[in-house]
There are 2 protein chains.
Amino acid sequence: MMRPAELVEERFWERREDFVIMNPAATLPVLVENDGPPICGAWPVSEYLDETRGFALAEHRLLPPNADQRAEVRRLTEWFLVQFDAEVTGFLVEEKVIKRERARAGGDGAPDSGLLRAARSNIRMHMRYVDHLIETRRWLAGDRLTYADLAAAAAISVADFMGEVPWPEAEESKDWYARVKSRPAFRALLADKVRSITPPAHYSDLDF
Amino acid sequence: MMRPAELVEERFWERREDFVIMNPAATLPVLVENDGPPICGAWPVSEYLDETRGFALAEHRLLPPNADQRAEVRRLTEWFLVQFDAEVTGFLVEEKVIKRERARAGGDGAPDSGLLRAARSNIRMHMRYVDHLIETRRWLAGDRLTYADLAAAAAISVADFMGEVPWPEAEESKDWYARVKSRPAFRALLADKVRSITPPAHYSDLDF
């Protein structure tokens, strides 16, 4: 019943016509299942998967059954999908990846050191918050793995790929992150690469 | 059973200590119910209300029962909460309201005409999309009023308050917006005011 999803790479910024018809916002992720309509966006996809598979997953369900706990999972998922991106990874990707690509194409490729400093200061605040949560919880939103852990670890992995996570200051978070990294569902992501960036040696190391 | 919510004004940008303890992201909305934990953010609040009241609302439920339809409601809700804000109202509020307040305080208050032009060009695209949807649907996400209508109308009302919605080009949307405005739940919002801005005469007119 639970067939693995088939991943399709979409260069969303190219706004391919068939893709924009599928999702007029031209954002990712988009989930297409059988002949159903495309499910567009991380919030809709996560809720859809829970609604169509959650009950059968029992204690492996990525949204817990209680309404208060579900709200906590959604709060933290949104935190890492939206706020962490706006304050950390958005700057890092723009300054360290997109500008480098632009320089290859002959444009201005100098990263803005003020924005990089802001991102580095912001990530320390976020990692302290993860530390704070994980001091009293086994997983980010409580006693089980949820969407919050996947969203947070995915966001943090982007910064980690660029060597921008201050791990020595984030001992508690490091242990939690190592546990998420070693999940079979997460491990495959660590093989993804970005042209022109070499991740630090610990990046895909499960026991870093 | 359905007591009306008591609204509390929170100047979230002041980061009041008790408020940040309640919601460390210091964003709105936050829903507090009895002795339960605070429910933080539009996505968690809307899902929480559906989970705790939705079933009893029957055909007035703001998320429809079918998983595909729910995904469509969430896609459009996110569109107006996130994308419309990033491309339209974010610029308008910054350039027309926040900068004016800053000028009062003796700072630089000149709106950036390039950003205002971008917002005005972007809103035409968004209104065309609303027109397109409403050509084949009674409400934005289908045949019933949902969170998508409330999110879209709330976002559009911010632009309308500043006289920035090109209504003459958006006939279909205008009829839909008039229907949302006249709902009892929505009408009260139209009395809200922003210091230093006078809305256009049609703003709170239900049959504009």
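Predicted model: local features only at pLDDT ≥ 70, side-chain atom pairs only at ≥ 80, totals over all residues.
Setting aside neighbours within four places in sequence, S173(A) is in contact with M127(A), V130(A), D131(A), I134(A) and W167(A).

Over in chain B, helix 4 (residues 113–136) carries D131(B). A relative accessible area of 13% falls under the 20% cut-off, so D131(B) counts as buried. Once residues up to four places away are left out, D131(B) touches a run made up of E169(B), A170(B), E171(B), E172(B) and S173(B). Take A170(B) from that list: 39 residues separate it from D131(B) in sequence, yet the two C-alpha atoms are 6.4 Å apart in space.

Two packed helices are described by the angle between their axes and the distance between the axes. For helix 4 of chain B and helix 6 of chain B (residues 171–181), the axes come within 8 Å and cross at roughly 75°. That angle falls in the 65 to 115 degree range, so the pair is roughly perpendicular. Helix 4 of chain B brings M127(B), V130(B), D131(B), I134(B) and E135(B) to the contact, while helix 6 of chain B answers with E171(B), E172(B), S173(B), W176(B) and R179(B). Sorted by class, this contact of helix 4 with helix 6 in chain B holds four nonpolar, one polar and five charged residues.

A further helix pair spans the two chains. Here helix 2 of chain A (residues 42–57) meets helix 3 of chain B (residues 67–104), with axes that come within 9 Å and cross at roughly 160°. Since angles over 145 degrees count as roughly antiparallel, that label goes to helix 2 of chain A and helix 3 of chain B. The crossing of these two helices is right-handed. On the chain A side, helix 2 makes the contact through W43(A), P44(A), E47(A), Y48(A), E51(A) and T52(A). The chain B side of the contact, from helix 3, consists of A67(B), D68(B), R70(B), A71(B), R74(B), R75(B), T77(B) and E78(B). By class, the contact between helix 2 of chain A and helix 3 of chain B comes out at five nonpolar, two polar and seven charged residues.

A25(A) is another spot where chain A touches chain B: leaving out residues up to four places away in sequence, its contacts are W79(B) and Q83(B). A25(A) is found in the loop between helix 1 (17–22) and strand 1 (30–31) of chain A. Its relative accessibility is 10%, so A25(A) counts as buried.

Among chain A contacts between residues at least 6 apart in sequence, 60% join residues at least 24 apart.

Conventions:
Residues numbered from 1 in each chain as written. Chains lettered and ligands numbered in written order. Heavy atoms only, no water. Axes fitted to C-alpha atoms, helices over the stretch in contact; angles between N-to-C directions. Helix = DSSP H or I, 4+ residues; strand = E, 2+ residues; numbered from the N terminus. Parallel < 35°, antiparallel > 145°, perpendicular 65-115°, else oblique. Left-handed = near helix turned anticlockwise from the far one by under 90°. Contact = heavy atoms within 4.5 Å. Nonpolar A, V, L, I, M, F, W, Y, C, P; charged D, E, K, R; others polar. Buried < 20%, exposed > 50% of the residue type's maximum accessible area, 1.4 Å probe, protein only.
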